[in-house]
Amino acid sequence: MSKQVKLKIDGEYVTAEAGQMVLEVARANGKFIPALCYIDGLKGLGACRLCLVEVTGIGRLLPACTTPVQDGMSIVTSSPRLAECRKMIMELLLSERNHICSVCVSNGNCELQTLAAELGVNHVQFPYRYPKLPVDASHERFVVDHNRCVLCSRCVRVCREVEGANTWSIISRGINAMLAADLNEPWGGSSSCTNCGKCFEACPTGAIAMKGKAVGENAKRAERIARLVNARGGAQ
Amino acid sequence: MRVVEISPVTRIEGHAKITLHLNDDGLVEDSQFHVTQVRGFEKFCEGRPFYEMPSLMARICGICPVSHLLASAKACDAVMAIRIPAAGERLRHVVHLGQIIQSHALNFFHLSAPDLLLGMDSAPAKRNVVGLVEAHPEIARLGIQLRKYGQRVIERLAAERVHPAWIVPGGVASPMSEAARDELLAGIPAAKEGAERALALLKSVLDRFKDEVANFGNFDSVYMGMVDADGLMNLYDGGLRFRDAEGEIVADHVPAEAYSDFIGEAVEKWSYLKMPYYKPMGYPDGLYRVGPLGRINVVDRCGTPRADEELEAFRAAYGRIVTSSFHFHYARLIELLYAVEKLEIFLKDPDILDTRVRAHAGPNAREGVGIAEAPRGTLIHHYRVDGDGLMTWANLIIATGNNNLAMNKSILQVARHFVKGNKLKEGMLNRVEAVVRAYDPCLSCSTHAAGQMPMEVQLLGPDGAVLDRIAQADEV
């Protein structure tokens, strides 16, 4: 049995197992911490930064999904400073690519949309970038619309950690980062892809969508990923 | 020479202005109907998956999104190269009839009735739907109820009244429930009564408008509309029929994909709205009219009992081919009656509840054309896709666009007849606007421009200087 640690979250004492991440423990104790790149069943990455929390004694904010619990640590999951930061991060995400909910296949089934609403984002203070990005419709069943990608890399991780195919990766750096199949080839031509559809289920937005879906029809079941992982005997 | 500018034109959908050129004797020499915005849907859809088009293109219009959804979904059906399930097709008919009912009721009661019931020369401050509510509350209520019923048909099937995502490539997203069918059927008697009363009302005031009937776009032209295999009215599907001014059928059962053999599109630098014309006659002689009057003129019959009786009476009174655009109003109300009757027929068919409503397929063809008869006329969506089904090109001919040449000609005729002298009277200019209203144009759709329709009239001198102008907000 792994070592038990005791920590405080928002002033309440909780116990956790050493090695668990703050996000996991906080959520297990009924706390709301927004997150986009985190998904039950996959390793945390700290990519989206929405799950930032305050850790007493540390000046900067830390991502809850990649911060392991420690004995005696004290966490704040909700404060005006956090609310402002999370909202700003969400606005930056929205301004980066072309997120047009009203004509999106994931309208009403989108984690980005839901979180933006939960965080109270009703305006974006940054100028939209409106990048001209391609849509890869070469796959028989699925389509990748880079306009709707938030680079959370859930697809990359589920493909690597659960399916073991390693089809997806993020190429280029910074603002030029892009999702790519194999060696940046059309997805339909990928020799590693098993067509399993886990990347589709894991994607929080309409970026990876099932073909032929009308507006709002692209419903995902991201919870399937955790179920699959558990059925296979837990995370590797 | 002076130029009169009417800007904005009111009680129509979209933005426009009219310029009238007067000669030295104060008579109208020329006129232009300018549609002043551009929206660009044909361009920015490029690169998107074709199956997203219905919902994207529906955003062209908030008044008749259903018509755009249908024309677009039909173009997608063609790209998929499939035949949609029969129940899906029937449900598309039903939702479209709801659209026709709400839009025709909107035009007659809210936009046109102020002119028709309160008078062309009545005070502009009262000549609107609010004035109508004050003067004839029961008529305004009737209009609101009828429109509401049409909206309810759409909402009951598609969950949303505006921009529903329910009409999809391959059919519709979900079948009709028994409860929805029963509710809509229960509303039929009241809707029928509403349509009958609207028609009776229009007929009762027609005598007051003899001058308008004679001069509101009263000229020979070609007419276009969709008919079924038997030559009956069909607003959802069929082939295009063209009749010339003599009533001869010059082209019949033209399939959607052959539209461009018969329709050309010309461009004039003073308007964002293209000028479609009947190709065999060339530009601008190939002027044709669509919409209620165009359809009523091309069809053999409507195919429902009461509408056919009214159609016969209409033809007995005004001839087999009715040439005055003022009678768009009359034709629209015959169609309204037809739509309610046809809706009842569909709802009473037990097959309407069939649950097989959608076919699935990928892009099996590189090109597709979808045509539906929108409330304002024939609506054409034409798409081309690449091998993966991403849009490479789109051409849209919007209902209102088909009537562009006719609207221009009608404005000139009305202006020549009613606008005289160097001082403008509001009633003169209202008639110029009213002839545009008769076509029930949706200019925001036609150019893919946004917003409500303010319209303006300008009076220009021989040198092109603006001598007078009337914007809707201005006092005369």
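Helix α13(B) is largely enclosed by the rest of the structure, because 17 of its 21 residues are buried (buried means 20 or more other C-beta atoms within 10 Å of a residue's own, exposed 12 or fewer, partly exposed in between, with C-beta atoms placed from the backbone). The helix covers residues 328-348 of chain B and runs 30 Å from its first C-alpha to its last, close to the 30 Å expected at 1.5 Å a residue; that expected span is 1.5 Å times one less than the number of residues. Helices (H or I, at least four residues) and strands (E, at least two) are DSSP runs, numbered from the N terminus.

A word on the source: this is a predicted model, where local features need pLDDT of at least 70 and side-chain atom pairs count only at pLDDT 80 or more, while totals for chains, interfaces and linings use all residues. Residues are numbered from 1 along each chain as its sequence is written, and chains are lettered from A and ligands numbered from 1 in the order in which they are written.

Now for the core. The largest nonpolar core has 213 residues, and Leu23(A), Ala35(A), Cys51(A), Cys155(A), Ile101(B) and Ile411(B) have the most contacts inside it. Such a core is a set of buried Ala, Val, Leu, Ile, Met, Phe, Trp, Tyr and Cys residues joined through C-beta atoms within 7 Å. Helix α4 of chain B (residues 86-118) gives the largest share, 15 residues. The core lies between domain 1 (4-78) and domain 2 (84-231) of chain A, because both give residues to it.

Those domain bounds come from an automatic or database domain assignment. The C-alpha centres of the two domains of chain A lie 24 Å apart. Their contact takes 15 residues from domain 1 of chain A and 24 from domain 2 of chain A, where contact means backbone-placed C-beta atoms within 7 Å.

Back in chain B, Ile411(B) is in contact with Ile18(B), Ser31(B), Phe33(B), Val432(B), Val435(B) and Val436(B), leaving aside neighbours within four places in sequence.

Tyr283(B) and Pro284(B) are joined by a cis peptide bond, with omega about 0°, and Pro284(B) sits in the loop between β10 (275-278) and β11 (288-289) of chain B.

Terms used. Contact = placed C-beta atoms within 7 Å.
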